[in-house]
Number of protein chains: 2
Amino acid sequence: MNSKINLSFLVDFYELTMAQAYFKYKPNTQATFDLFLRDLPVNRSYCLVAGLEDCLDFLQNLKFDSRQIEYLRGIKIFSEDFLKYLAEFSFKGEVWALPEGSVCFANEPIIRVTASLIHAQIIESFLLNTVNLQSNIATKASRVVQAAKGKAVYDFSLRRTQGIDASIKAARSCYIAGCAGSSNCMAGLLYGVPLAGTMAHSFVMAFNNELESFRSYAEVFPDSTILLVDTYDYKKGIGNAVIVAKELEKKNKRLKAIRLDSGDLCAVSKLARKVLDKNNLKYVRILASGNLDEYAITKLIKRKALIDSFGVGTKMGTSADSPYLDVIYKLCEVSDNENDFLPRMKLSTAKITYPGRKQIYRIKNRKGIIEKDILGLEDESIKKAEPLLVKVMEEGKVVYSRPNIHEIASFSRNNLAGLADNLKKIEKRNQFTVKPSRALKKLKHKLIKQNKK
Amino acid sequence: MNSKINLSFLVDFYELTMAQAYFKYKPNTQATFDLFLRDLPVNRSYCLVAGLEDCLDFLQNLKFDSRQIEYLRGIKIFSEDFLKYLAEFSFKGEVWALPEGSVCFANEPIIRVTASLIHAQIIESFLLNTVNLQSNIATKASRVVQAAKGKAVYDFSLRRTQGIDASIKAARSCYIAGCAGSSNCMAGLLYGVPLAGTMAHSFVMAFNNELESFRSYAEVFPDSTILLVDTYDYKKGIGNAVIVAKELEKKNKRLKAIRLDSGDLCAVSKLARKVLDKNNLKYVRILASGNLDEYAITKLIKRKALIDSFGVGTKMGTSADSPYLDVIYKLCEVSDNENDFLPRMKLSTAKITYPGRKQIYRIKNRKGIIEKDILGLEDESIKKAEPLLVKVMEEGKVVYSRPNIHEIASFSRNNLAGLADNLKKIEKRNQFTVKPSRALKKLKHKLIKQNKK
């Protein structure tokens, strides 16, 4: 079946009502918005950015179709001239962004949009949704990969992600973050994520006995068989795997791995390793799955589990301990005439934002470790610092050479390598302070003063 | 833009490798699978079922296209005869299901599939993903609605749901569960969910001052203005709302509501109510938003907050305190010839399942409250009990008259009304024991014995 929906309508209703008011009162007003994290989630000291590719596709192709316009007309609060405007709408703004695979911190713009107020506002819901999902899962997956200490991690989350889109994007985000592959065929097809898979308990149960099921699978896939050994009794299961491995050897084939999916994975892995080694099957790998995440994997590795790779599903694919980012999209300047932008900031309790058109300046030490991030104004010159935001769109056209998924994964690996160890701790959030530049601080205080008058 | 993807490929890779082994060894084997919750999530004593509509669409239209077949060919482990089989594949099974809006408990089949092993297996990933997301959000939203004690709840989650699909399905699931509407335009268009919205802080900030922004909005939407009063200072904001309400009165119009989005919502609501009442604006409603869920709303209501409706976003739309269901899909019988089905069960530690083709029998008391659920075998006759699973597909054709979203919402309301109060507690999970029938128990013990031999 073909699911065919025009994503342009993924917009909060109030964006459109506000747009109608802007259409009347602020048709020529330009504005800049920052999309950023107000705060990092529990136990996270950084955010691994993902989602830009989908944002660019959305911005480039945004167009309301006649069915959508008709639907809005039926609500009876939109004027005909505004509906006509919407029907002809396409996004014409300038966009700066952190490339996918960047590491960032709270208060740093991930995407910065300068456009007509209406344009900048209408795209809010989609940008937030997209960056939220993909950066959150990428961040989570990078933690799982770090916990696995070099052992391969596979994404098995399709069955329990929050919907279809989440499943595909989770597979992509996990791969960007360092996973070795995914079970999700759609992600393989769309993005080139390497596919991985084993067998289900139901497969074993569909045969008269476990050994028969193992033999059948190995016969069909002599080069890529991973046997699930815990359907009935894992000791017998490991024994049956040994039998099948020996049968494969007679055909000059090697059993790839066995999979453990229940019980005390550490204890079972040690037993399995012993049995396999005793039978001269040192080459047979052990894959573990079942309720895993960075916390469980850290414990397994501390206990010296003899596991060679991890299949991680639900908890990674939903970022279960923190299923959303505190990501917001805030107006930071506004101009009624093109040459005179006025910085703005929100002052409500505990939600103060930084005004003005900003850039992130990153300073690394000689070893390439991130030492300091300075949040400054655009075009500041800060010594030894690298500006991180890149121009990706100009007048609604993409001006960014999009890297492929493997390039993004490699960029991500380099970025993660730039994090000091204390920022990679899994059980504790360490504060990496992003400092405002002197110019930004000055601007902020000026605005607070103005408001008090 | 049109997002056009063939959802058929939303399948875990191992479903296809297993299918190839079945294709060789078990081409005529029939099987029955149950999709059910192994356990209920934290603090939940029931599950509100949703997702059937998408499952039926998927099953009815499942077809692998040539691009997908070509992709699989490129992996070089699939045989040509199997790829030919896949290219011609369409789902031909029988499906029984709980209607959307049903209330169910752990171990009760939500969907039961009887089909050729290959057919039943290939659909696993999609069914799990869909029921997982939609039932989880529906359950969460029903808790939020209950906590609100009759005050309207609106879904504002689009910007932070886990992706595009989740945002649309969350809006639908929330409406089924009793929400009054959503901010998600796509859900309005696709499902007829009533739209709701207010204004953003950026709207207020885009004007020279708050009063000007309020006046402009009210001018454009004189019948549906909700003013956000906390951008700079909520006391001044409420004062400005009063001014605009009075100006609207001169045009025989009424300000609909004000919205509070930060600070101590309870205290601010009391102050706002006082100011509004003192100005003879008793009709102006107070809507509150900002980090709300069933726990926060319960506290606000206990403290007698003067809030008339709630805008609930992230935590409802992601079911943040429990972002997934422990939903599984398990083989429960298998037959190598059509007339001789053999029940199956999994025996690995802590993961035992019930064998056989099952039905749920529900017994209510005279007041309509659910007293007992009996998990029995198909076609048992249990006194005074209503069988809950309905046949929805026969040989791959839908044989179910699909209710519209408003009918589902009404069915859901009736189902929730059948829950005893102790099952609706928000802070505590109470066990409602689903008892196996005598026949089911007997079957289970027989299989355990057989396996020990």
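In β16(B), Lys364(B) has Ile370(B) as its bridge partner. This is a predicted model, in which local features need pLDDT of at least 70, side-chain atom pairs count only at pLDDT 80 or more, and totals for chains, interfaces and linings use all residues. Residues are numbered from 1 along each chain as its sequence is written, while chains are lettered from A and ligands numbered from 1 in the order in which they are written.

Strands (E, at least two residues) and helices (H or I, at least four) are DSSP runs, numbered from the N terminus. Two strands pair if DSSP finds at least two bridges between them.

| Strands | Sense | Bridges |
|---|---|---|
| β15(B) (residues 358-364) and β16(B) (residues 370-377) | antiparallel | 7 bridges |
| β16(B) (residues 370-377) and β20(B) (residues 434-436) | parallel | 3 bridges |

β15(B) and β16(B) make a hairpin, with 5 residues between them. Gly368(B) sits in the turn and has a positive phi of about 85 degrees. On the β20(B) side, Val434(B) stands opposite Asp373(B).

**Chain A as a whole.** Chain A holds 16 helices and 20 strands. Its C-alpha atoms fill a box of roughly 80 × 55 × 35 Å along the principal axes. Of its 453 residues, 55% are buried (20 or more other C-beta atoms within 10 Å of the residue's own, with C-beta atoms placed from the backbone). Contacts join residues whose C-beta atoms, placed from the backbone, lie within 7 Å. Among contacts in chain A with a separation of 6 or more, 71% link residues 24 or more positions apart.

**Core.** A nonpolar core is a set of buried Ala, Val, Leu, Ile, Met, Phe, Trp, Tyr and Cys residues joined through C-beta atoms within 7 Å. The largest one has 292 residues. Leu35(A), Ala241(A), Leu35(B) and Ala241(B) have the most contacts inside it. Beyond its neighbours within four places in sequence, Ala241(A) touches Phe214(A), Leu227(A), Val229(A), Leu255(A) and Ile258(A).

**Interface.** How many residues of chain A are in contact with chain B? There are 91, and they meet 91 residues of chain B. Helix α1 (residues 13-25) of chain A gives the most to this side of chain A, with 9 residues. The residues on that side divide into 43 nonpolar, 33 polar and 15 charged (Ala, Val, Leu, Ile, Met, Phe, Trp, Tyr, Cys and Pro are nonpolar; Asp, Glu, Lys and Arg are charged; the others, Gly among them, are polar).

**Symmetry.** A rotation of 180 degrees with 0.0 Å of shift along its axis superposes chain A on chain B, with RMSD 0.0 Å (least squares on C-alpha atoms of residues with pLDDT of at least 70 in both copies). The two copies are therefore related as by a two-fold rotation axis. The same surface serves both, as 100% of the contact residues of chain A recur in chain B.

Note on methods:
Two residues are in contact if their C-beta atoms, placed from the backbone, lie within 7 Å. A residue is buried if 20 or more other C-beta atoms lie within 10 Å of its own, exposed if 12 or fewer, and partly exposed in between; C-beta atoms are placed from the backbone.
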